[in-house]
Amino acid sequence: MIRESQIMKIHYVTGIAALFVVAVHIIMRLIMPFNMSLNYTNVIANYHNIPYALLLESILILIAIHGFNGLRIILLELRQNTFWERGVTFFTLAAMISVIAYGTRTIILASGL
Amino acid sequence: MSLEENKKPTEQNEKKPPKEILLRVFRDNRQKEDNSGHRYDTFKVSTQRWTTVLDALLHVKSYQDSSIGIRYSCRMASCGSCGMKINGIPRLACYTKISELQGDTITCEPLANFPHIRDLVTDFSQFFTHHKEMQPYIHNDMSEISDMKKLSEFKQSPEDVDKYLQFSYCIKCGLCYSACPTVATDTKFPGPQAISQAYRYVADTRDNSTKQRLKIVDDRHGVWRCHFAGSCSSVCPKGVDPALGIQLLRGHLLSFSKNEKKIAQLQDRSKNSEI
């Protein structure tokens, strides 16, 4: 079974990596006026740009892993019994996979691949 | 300076009149049948500059209300028995002078995060269970007394001792455990005292079961659940920094720290092979 230190290594690495990719994402938003960047055609054009779509996918994966593990840590502190701990672990894992799957589907559909 | 001059009262030598304070003491007994809840009893106590909270409480117990439940022993911050919340902060009653507290009313309450027994007395069994879980003793085949042939002295340089010395000053008073916000919500969290003791033995070059100890603290409710509030270090009466111990232990688990024990073992081996 995976040890807590290994989970926390993943947690820290995804957190730091997410900082960089989100910074790139924000900078990309600022190359044009913010209102224009949210324009429908611009958004679709972004998705059609494969490197940018990959950047969005990496943001999705990194933040989903980091965020849902953070939620697991918070929920583990609320109650201490085996049923709760297993439930929290399975729930956060399932939620993380669902969010990544749904987000990936959106990125793939919007990019027209 | 002549003897006469020496006798003249200076500002420092002048004997100040006793100051009267109000001592509010938490009163409750979990074993009583009527379950009427807790109350605070107030006592007037005359104090001097050097009077400690424990002195005041014992004065009250001797002359005003003998039924106050309080645990104490050494009266010199060595045994760690008289831990309690004084004006809301976990402190040792024998180590806290009334003159250093602000205000004329001093509130004494039992330590938080410990099961309450009576008045100012709390149950330390869970705290000591966490402490024992960390195996707070040196693991080394060479220290096995049953095999006299194997027994040998352990050499440690002053630098080696410095790595764990401050953590060995812990008197197990439970103040850090009481101040810890994680312990307040997570009962399985060993607490700053136990984790810093684990670090104390991990950092000790005489001990050779680092892996075993790291496995104990590398748990779902182990070292990773510390929020690094730092309140454990700020309340410690012996100057121990449990928060530092926890962070150093995390460094070991993340392989950020140098494995000094392994380096020392390799150096020893190479020295022996040279001989």
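**Entry 1: helix packing in chain A**

I looked up the pair H3 (residues 40-48) and H5 (residues 82-111) of chain A, whose axes come within 8 Å and cross at roughly 100°. This makes H3(A) roughly perpendicular to H5(A), a label that covers 65 to 115 degrees, with angles under 35 degrees counting as roughly parallel, over 145 as roughly antiparallel and the rest as oblique. I took axes as lines fitted to C-alpha atoms, for helices over the stretch in contact, and angles from 0 to 180 degrees between N-to-C directions. H3(A) makes the contact with A:Ile44, A:Tyr47 and A:His48, and H5(A) with A:Ile107, A:Ala110 and A:Ser111. Residues count as in contact if their C-beta atoms, placed from the backbone, lie within 7 Å. I sorted the residues of this contact into 4 nonpolar, 2 polar and no charged. Here Ala, Val, Leu, Ile, Met, Phe, Trp, Tyr, Cys and Pro are nonpolar, Asp, Glu, Lys and Arg are charged, and the others, Gly among them, are polar.

**Entry 2: basis of the model**

I note that the model is predicted: local features need pLDDT of at least 70 and side-chain atom pairs count only at pLDDT 80 or more, while totals for chains, interfaces and linings use all residues. Residues are numbered from 1 along each chain as its sequence is written, and chains are lettered from A and ligands numbered from 1 in the order in which they are written.

**Entry 3: chain A as a whole**

I found 5 helices and 0 strands in chain A; helices (H or I, at least four residues) and strands (E, at least two) are DSSP runs, numbered from the N terminus. The radius of gyration of chain A is 17 Å, whereas a compact globule of 113 residues would have one near 13 Å. That radius is taken over C-alpha atoms, and the globule rule is 2.2 Å times the number of residues to the power 0.38. Along the principal axes, the C-alpha atoms of chain A fill a box of roughly 50 × 25 × 25 Å.

**Entry 4: the sheet of chain B**

I traced an open sheet of 5 strands in chain B, ordered E2-E1-E5-E3-E4, with mixed pairing. Strands pair if DSSP finds at least two bridges between them. Its edge strands are E2 (39-47) and E4 of chain B, each of which pairs on one side only. On average, neighbouring strands of the sheet are turned by 35° against each other, direction ignored. Helix H2 (residues 53-63) of chain B packs on this sheet and touches E1, E2, E3 and E5 of chain B.

I then checked the pairings. E1 (residues 19-27) and E5 (residues 105-109) of chain B run parallel and are joined by 4 bridges, with B:Thr105 as the partner of B:Leu22. E3(B) and E5(B) run antiparallel with 2 bridges, and B:Lys85 stands opposite B:Glu109. E3 (residues 83-86) of chain B is also joined to E4(B) by 4 bridges, again antiparallel; there the partner of B:Lys85 is B:Pro90. The hairpin of E3(B) and E4(B) has 2 residues between the strands, and B:Asn87 takes a positive phi near 50°.

**Entry 5: domains and chain contact**

I recorded two domains in chain B, domain 1 (19-122) and domain 2 (125-274), with bounds from an automatic or database domain assignment. Their C-alpha centres lie 32 Å apart, and each domain gives 14 residues to the contact. On the side of domain 1, strand E4 (residues 89-92) of chain B gives the most, with 4 residues. That side has 9 nonpolar, 4 polar and 1 charged residues.

The contact of the two chains takes 13 residues from chain B and 9 residues from chain A. I counted 3 nonpolar, 4 polar and 6 charged residues on the side of chain B.
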